[in-house]
Amino acid sequence: MRSAPAGGSPQNEPAQPRAPGADLCSVPCLGVIVPCYNEAATLDTLLARVLARPETAEVVVVDDGSTDASSAKLEAWAARDPRVRVLRHDANRGKGAAIQTALPHLRSPFVVIQDADLEYDPDDYPNLLRPLLEGRADAVYGTRWGTGAYTKTPFWHRWGNRLLSWLARKITGLPITDEATGYKAFRRELLVRLELRESGFGFCPEVTAKLARLGARVVEVPIRYQGRTRAEGKKIRWHDGWGAVRCLLKYSRMRLPGDGSCAVARTVSAESNAEKPPDSASRVFRFIWLSAAGLYGLGLVWAVGLVSGWGRWYSASPYYRQQAAAFLRGDLALSRDPADLSHDLCWSEGGVHQVWGLGVPLWRLPFELGARVAGFETFPDMLALAVALALTAWWVFTTLEELGRHLRSVPTSQVEGSTIPMRAGAGEPERPRTGTDGRHGVQGPHAPGVKGHGAIWILMGTSAAVLLLFPPWLNLLTTRFLVWEEAVAYEYLAGIGMIAALIRVVVRPGAGRFALLGSLAGLGMLVRPTLVFHGAAALLAAMAGLWLCRRTGGEGPDTGSTAAALTPARSVCLLGPGVGIYLLCGALLYMTNLLRFGGGFEFGHKLNLQVMMGSVYVTRFDHPFASVSPAEAAAELCGLLFCKKRFNGWFWYEPNLFAGQSDTPRWREVASTTYDFFYLALILAGWAAGLFAAVGLTRRDPASPPGARSPDPPHTLSDDRGQPGSAAEGPAVPETERPGPAALSSHVPVRANEAGTGPGHRITFEEAPPGANREVWRRVPIVLGVYSFFGTAALSLFYLRNCVIATRYMLDYMPAFAAAILAAWWGWIYLLQRWRKTQTALHLSAATILVWLGIDFMKSTHAYGDPQVLTWSECVTAMQRQKAEKVKLPLAGVYESPDEPAQTGLSHNGAGWNPDGTVLPTVILFVHSPLFIELELAPFEWARIEPDPSQLRAKIGLEFLKLEKVEPTAEGWRVRFAGPRQKRYQEGLQPLFLAMVPREFVAETRDLPWRLLRVRWREGP
């Protein structure tokens, strides 16, 4: 048998009679609180019935700003019966505020809340009091739905209340059937100490949640209920239900994000020692996260126009669908028919291949398989994206929830019976308290944490907004959204998935979490090659986090080992699986590239078919931008990232598109806004936050032993009731009425002595030292800063002298930049705590971030047009229209004129070879089983460049051909290249790329030196 629950009868009160058969309710022991707002019609009848009950000892009526005759009637009753006291509010403040006003004026051992509208019958007082008087309960709820109850209420109210009660059961674990009942009876000292805060109808869910947190025994009894309609004065509205859910989540005993103080022991009576499973509430909370993530995924694709109508959810770019279909038939190639070639695809290794990675088709594969099993031709592209959005949002939500829980908990070295650091009263030194205090054991590996769950919600909510509502990302979703944009969109989802996994490693390092991070980093390579840099940076940041954990004596891995036990060998065991998976995914990417394009480090961009011949030239041969100085290249990259830009459409080599642009020819596509200098300031602030956090975390007092923690600032996030740095939060209470140290250190109500039952004596939830998890506070910006810095640096080195550049490519920085902004946000919150700023500063900071996100998205633009999303019938029509005739190459192995390549039925065959014989910087031709390549050329009479046949170059696939012979002819020159040396290029259909000018002239399109007369690749039959 457990000890008597907290909140029992005060010691100075006589024991209640318990003789068999005696009327337990014959002694006046009940204080009745009557909130009243414009109830003149029922007030007289109600008070007469309440005062007629023998249990009624006192009645406190709170006139909550009534504008009818209620005030006059209450004055008459107060003059007539000394048991009636009347209190007034100048304006209507709500039911909860009325109860808070009345509580200090009650002296009876038990309290009941009585509405003034006659919906509840005072004749039910004996039923409400009996469990309290018999010592079976600390609070009694009158249920309108149980056996023996009588209820007359509208249908929608009935089922709304039942749904709310179901949620209350799941969230709090209390076995109640009527959470919103207006009949609730309590032990007075228990109700006084609940620190009520809600002013309106939120009183009911607040009390329910706090009773569950305190482990109070709640019993239900059947009551009679006569419901009113709105016309008769019913004041509650449907939207109050949402407020009730909010209050249940806010005050519940669940481990809400940032509410470590909820981890308390439940005190149950011997008669009902069977509790709800501890994870029943968390299942509901997980359902809430899943619902929010689903709304994010579906709502976002609808809001940006990616699903503009029913059935219109297929991308105009079919290549990811085709790749998933190829997987289902066991092939890496989209097609083995060269007639299926089109823009930006390539012909390699005997098949048609796409160049945007295999990660997205692998994601779509199970959806495609399910669609085939269900009898559909394919799965909608945008719905697969919506699922990816929802899954990413859920991953972010749950990660931040875990982080919030960890920040609010106080780690201990042992479980029950260990020494738990507790906060002493003002001016007293901290003292240990054992895990059991003789009455209520502190169960689990964490002692109660600090208050301030509202601040933690703001911190985590803003963090989620930065990741999931990143303005360049949202702007990307509003574009034409063809395969080029779709690839970058999935890249960002993979990037923030890695950020969330990195945060999980920070919260609790372990081999499994490193392996998950390594898996996401490795699979990200398949989504888009630039994620190689993000993945490597994420693993490096995780290693830095582990080193900091070992260096500063933070929490150890999943097994509970301390940082001191993280030896080098142990570190290798932790890191090994993650790094191994990352390398394994890299090997898989290498092999698939080798099978698809003939080179492990080739991603198809040296083979794809385009009409932008300058871009074809620089990706196959050489580019002049490789020779610019590092300063000039850095200035151009910085300008393209952060400066204001002018869109250039199809004019790829137009000058003065943005500040810092180099005069050196380079293929540039400027078609959307990217970032501005405010982003740059935030990014630098994030890196600085990580650096300063690392310095502060690794700094140690020379006199302290290894692993000891430096002194912590005596402050933490506070809610709207307290100030940072206070020893005990809550409303101002006179010093003589404040609870003693024992009350400050406990989450459960203790028996009050005579001096502790005053109106100002309330339960105070403990504030634990914020330094308990200071390392986590600092590790988050450190690892985010490390990831962002090295990811940004690697991408910058890659794009610094890249042969082609585009604003679309600048969006590859989004995960690294979002991580830096997140680090800056966390660093700012830490500074607010150090400066002891109020909750208002936190609210204003969060509001500023959210407003900036909205404004930046609203002013972002692009030149791509609206999303191109089709119905399935439109997709089929487009594919049939693009289908060419059977490919027919000339049997003689020669193209005699520029018209012949176009007649072969091959897409882009002859690109760069104009009808008049003149050529662009690059020419694309398809040949079959080439033995050599022979070109016959004539000088162009209007050329601005001196013709030099020795500067011509040729490639078959990825292989450069050797120039064998240059000889003059009657018309000009005959240039002969040797055949390919690699066997893969000696047989079958092969792409031929010709460089017709030196690299300095890649931007020219007119008056080039050559007219191409004839191309031969083998001798005639």
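1. In this predicted model, the contact of helix H1 with helix H2 involves Ala40, Leu43, Asp44, Leu47, Ala48 and Leu51 in H1, which meet Ser70, Lys73, Leu74 and Trp77 in H2. The residues of this contact divide into seven nonpolar, two charged and one polar.

2. As for the geometry, helix H1 (residues 40-52) and helix H2 (residues 70-80) have axes 9 Å apart and pack at an angle of about 25°, which means that H1 is roughly parallel to H2, since angles under 35 degrees are counted in that way. The crossing in which H1 passes H2 is right-handed.

3. The structure holds 42 salt bridges, and one of them joins Arg85 to Glu58, with the closest N and O atoms 2.2 Å apart. This pair links distant parts of the chain, 27 residues apart, with Arg85 in strand E3 (residues 84-89) and Glu58 in strand E2 (residues 56-64). Arg85 is partly exposed, at a relative accessible area of 32%, whereas Glu58 counts as buried at 7%.

4. In helix H11 (residues 359-373), Arg364 and Glu368 lie four residues apart, about one turn of the helix, and they form a salt bridge whose closest N and O atoms are 2.5 Å apart. Arg364 is buried, with a relative accessible area of 1%, and Glu368 is buried, also with a value of 1%.

5. A further salt bridge brings together the side chains of Arg666 and Glu636 (2.8 Å, N to O). Arg666 lies in the loop between helix H20 (630-642) and strand E17 (667-669), while Glu636 belongs to helix H20, so the pair ties together parts that are 30 residues apart in sequence. Arg666 counts as buried at 2% relative accessibility, and Glu636 counts as buried at 1%.

How values were computed. Residues are numbered from 1 along each chain as its sequence is written. This is a predicted model: local features need pLDDT of at least 70, side-chain atom pairs count only at pLDDT 80 or more; totals for chains, interfaces and linings use all residues. Side-chain values use heavy atoms; hydrogens and water are left out. Axes are lines fitted to C-alpha atoms, for helices over the stretch in contact, and angles run from 0 to 180 degrees between N-to-C directions. Helices (H or I, at least four residues) and strands (E, at least two) are DSSP runs, numbered from the N terminus. Angles under 35 degrees count as roughly parallel, over 145 as roughly antiparallel, 65 to 115 as roughly perpendicular and the rest as oblique. A crossing is left-handed if the near helix is turned anticlockwise from the far one by less than a right angle, and right-handed if clockwise. Contact means heavy atoms within 4.5 Å. Ala, Val, Leu, Ile, Met, Phe, Trp, Tyr, Cys and Pro count as nonpolar, Asp, Glu, Lys and Arg as charged, and the others, Gly among them, as polar. A salt bridge is a side-chain nitrogen of Lys or Arg within 4 Å of a carboxyl oxygen of Asp or Glu. Buried means under 20% relative accessible area, exposed over 50%, partly exposed in between (1.4 Å probe, protein chains only).
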